[in-house]
Amino acid sequence: MEDGPEGKKDFVARALPWVRRAFTIGIVAFILWRLTQFGWGELAANLPRNPLFYAVQVISYAVLPICEVVIFGRLFGQRLWREWPVMLRKRALNNSVLGYSGEAYLVFWAKERLGLPRRKALSAIKDNVLLSGFTTAAFAIAAAGLLIVIHPALLDTNELAKSGERSFLLFAALFLVSLAVGHRFRKRLFGIGSKLILFIIAVHAARLVATYSLQMLQWDIGIPEGTLMLWFTLIVVQLLISQLPLLPNRDLLFVAFILEFAPASGVDPAALRAMILTIYLIYQLFNYFALLATTAMPTARAYGEEEIREPK
């Protein structure tokens with residue numbers, strides 16, 4: 001029997017993937033159970049019919065790969081516009097296979113296709129992950145604060161108001177402390193200079209604005225009677241869920257939230273449930289199609305990709 005710190009670490013390392021799988025299976029089971037209660041016929045009858053709804057989703061899906069072509073072009077010091085399938089594959093691996101498997105793939109691809117030293121590729125990808133997380137957290141805080149200011153009725157009881165304000169202020173304070181610490185030790189945290197850090201933050205900020213603006217537009221096309229306040233509220237919820245630590249499949253968690261929130265949304269709950277579930281399923285289809293399509297593209301395959309393992 002293993003004991004001591006090393007044994008405990010090994011146990012946690014082995015158990016964590018199973019905990020995450022169990023969480024995902026539980027969320028999927030809950031969604032299927034609730035959809036069975038609502039009725040699959042209801043879902044089919046309320047699918048979005050407007051072709052523009054699906055066209056906007058295609059455009060929205062392309063935003064992240066395009067931004068990453070720009071970012072990694074700067075980080076790797078090479079023009080990568082012809083290598084856009086690589087970023088499609090990276091996104092699909094992360095979303096539909098395993099979290100950060102796309103980053104592992106990109107390390108091997110950069111080494112084999114671009115001739116970059118593994119250490120440099122790892123450093124560049126680590127910098128991008130940190131800056132992407134920082135920018136998203138900043139957006140979540142800013143969006144939540146703005147929602148509280150423009151829609152104070154969300155905190156319509158004294159107890160809830162106090163709790164919500166305290167939670168927001170604590171989260172904002174922790175973020176500011178982290179920002180100050182990050183700035184103080186930026187030379188140790190990042191392998192790039194301040195100008196490039198600001199450039200990458202700007203690209204990620206533009207990506208978030210474009211992605212969530214397109215998402216609100218798509219929702220408005222799908223359910224025209226929805227209000228801007230409703231869509232903005234759901235965006236804030238989605239951003240906050242994205243910041244929950246250690247949880248896999250946060251998109252599924254958002255779908256589960258919508259299933260329960262729909263009756264209080266002010267729009268047809270059946271239409272809202274059908275729209276959000278349709279968007280999630282289409283994104284998954286896009287991911288699997290991207291994996292299949294890029295498998296046939298030599299430019300998007302790294303040598304020995306099937307043997308990807310944790311870099312030493």
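Which helix holds Gln57? Helix α3, residues 51–76, does. The model described here is predicted.

Gln57 has 0% relative accessibility. Buried means under 20%, so Gln57 counts as buried.

The side chain of Gln57 makes a polar contact with the side chain of Gln218, at 2.9 Å. Gln218 is also one of the residues that Gln57 touches beyond four places in sequence.

## The largest nonpolar core

The largest nonpolar core has 71 residues. Six of them touch the most other members: Leu75, Phe76, Trp219, Trp231, Leu272 and Met275. Two or more core residues come from each of α3, α4 (84–96), α5 (101–113), α6 (118–150), α9 (194–222), α10 (228–242), α11 (250–261) and α12 (269–295). Helix α12 gives the most, with 11 residues. In soluble globular proteins, nonpolar side chains tend to be buried together.

Trp231 touches Trp219, Leu272 and Met275, among others.

## A nonpolar patch on the surface

Leu146, Val149 and Ile150 form a nonpolar patch on the surface. Together they have about 280 Å² of accessible area.

Ile150 lies in helix α6. Its relative accessibility is 43%. That value falls between the 20% and 50% cut-offs, so Ile150 counts as partly exposed.

Terms used. Residues are numbered from 1 along each chain as its sequence is written. This is a predicted model: local features need pLDDT of at least 70, side-chain atom pairs count only at pLDDT 80 or more; totals for chains, interfaces and linings use all residues. Side-chain values use heavy atoms; hydrogens and water are left out. Helices (H or I, at least four residues) and strands (E, at least two) are DSSP runs, numbered from the N terminus. Buried means under 20% relative accessible area, exposed over 50%, partly exposed in between (1.4 Å probe, protein chains only). A polar contact is a pair of N or O atoms within 3.5 Å; within protein, one must be able to donate a hydrogen and the other to accept it, and residues adjacent in sequence count only if both atoms are side-chain atoms. Contact means heavy atoms within 4.5 Å. A nonpolar core is a set of buried Ala, Val, Leu, Ile, Met, Phe, Trp, Tyr and Cys residues joined through side-chain atoms within 4.5 Å. Patches are made of residues with over 30% relative accessible area and no salt bridge: like charges are joined within 9 Å, nonpolar side chains (Val, Leu, Ile, Met, Phe, Trp, Tyr) within 5 Å. Accessible areas come from the Shrake-Rupley method with a 1.4 Å probe; for residues, only the protein chains shown count as cover. A salt bridge is a side-chain nitrogen of Lys or Arg within 4 Å of a carboxyl oxygen of Asp or Glu.
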